[in-house]
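Here's a quick briefing for anyone opening this one up for the first time. Have a look at the chain below, then read on.

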Amino acid sequence: MKNFIGTQMIYTYANGWEYEIYIKNEDTVDYRIHSGMVGGRWVKEQKMHLVELTKGVYKISWTEPTGTDVSLNFMLEDNKMHGVIFFPKWVHDHSEITVCYQNDYIDLMEESREKYETYPKDVVDEFAAITYVKNVGVNNENIISEAPYKGMSDEIRAGSFYK
């Protein structure tokens, strides 16, 4: 898994939602959501589980403070990802609550998870095209260090975002 850990990726789901993820180390990811239902959300230090399913195919999974469950399979040689996101009903109904730098609002995420309905879950089960892959090293705090904005992912892909 040495080749996977430290990788930054941008991918676009078949439904058009664009996400960015950084496999920060063996049990942590940082990510930004550039578009979609929770576009504008970003998170650092999300604990996750990582396995290599077969040579070059990796799976990461986690549960967020919102109660959202995520499982992503990366097939880097094919520039494909398959993800399943299980959004609690409250996230689907009140997504605006989650569009923030989550780390500053953990208490609000947990309060909302308890306050609003969690079932039925909104399941997003889709393939995505990986449009950017770069190994940027382990525990690089500069990779996901600010909120997403319109055009950011294009700047990253073009090599003009990081100075």
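With 163 residues, a compact globule would have a radius of gyration near 15 Å, and the chain has 15 Å, which agrees. That radius is taken over C-alpha atoms, and the globule rule is 2.2 Å times the number of residues to the power 0.38. Keep in mind that this is a predicted model, where local features need pLDDT of at least 70 and side-chain atom pairs count only at pLDDT 80 or more, while totals for chains, interfaces and linings use all residues. Residues are numbered from 1 along each chain as its sequence is written, and side-chain values use heavy atoms, with hydrogens and water left out.

**The overall picture**

- The chain holds 3 helices and 9 strands; helices (H or I, at least four residues) and strands (E, at least two) are DSSP runs, numbered from the N terminus.
- Reading from the N terminus, you go through β-β-β-β-β-β-β-β-α-α-β-α.
- The C-alpha trace spans about 40 × 35 × 30 Å along its principal axes.
- Of the 163 residues, 47% count as buried; buried means under 20% relative accessible area, exposed over 50%, and partly exposed in between (1.4 Å probe, protein chains only).
- Take the contacts (heavy atoms within 4.5 Å) with a separation of 6 or more: residues 24 or more positions apart account for 55% of them.

**Surface and charge**

- Strand β5 (residues 49-54) pairs with strand β6 (residues 57-63) in the antiparallel sense over 5 bridges; two strands pair if DSSP finds at least two bridges between them.
- His 49 stands opposite Ser 61 in β6.
- The hairpin has 2 residues between its strands, and Gly 56 takes a positive phi near 80° there.

- Lys 134 sits in strand β9 (residues 122-135) and is partly exposed, at 45% relative accessible area.
- Leaving out residues up to four places away in sequence, Lys 134 touches Gly 6, Thr 7 and Gln 8.
- Lys 134 and Lys 44 are 90 residues apart along the chain, and their C-alpha atoms are separated by 18 Å.
- Setting aside neighbours within four places in sequence, Asp 125 is in contact with His 82, Gly 83 and Val 84.

**Backbone details to look up**

- The peptide bond from Tyr 119 to Pro 120 is cis, with omega near 5°; Pro 120 lies in the loop between α2 (106-115) and β9.
- Glu 45 isn't a glycine, yet it has a positive phi of about 65°; you'll find Glu 45 in strand β4 (residues 42-47), partly exposed at 40% relative accessibility.
- Asn 139 isn't a glycine either, and its phi is positive at about 55°; Asn 139 lies in the loop between β9 and α3 (152-158) and is partly exposed at 42% relative accessibility.
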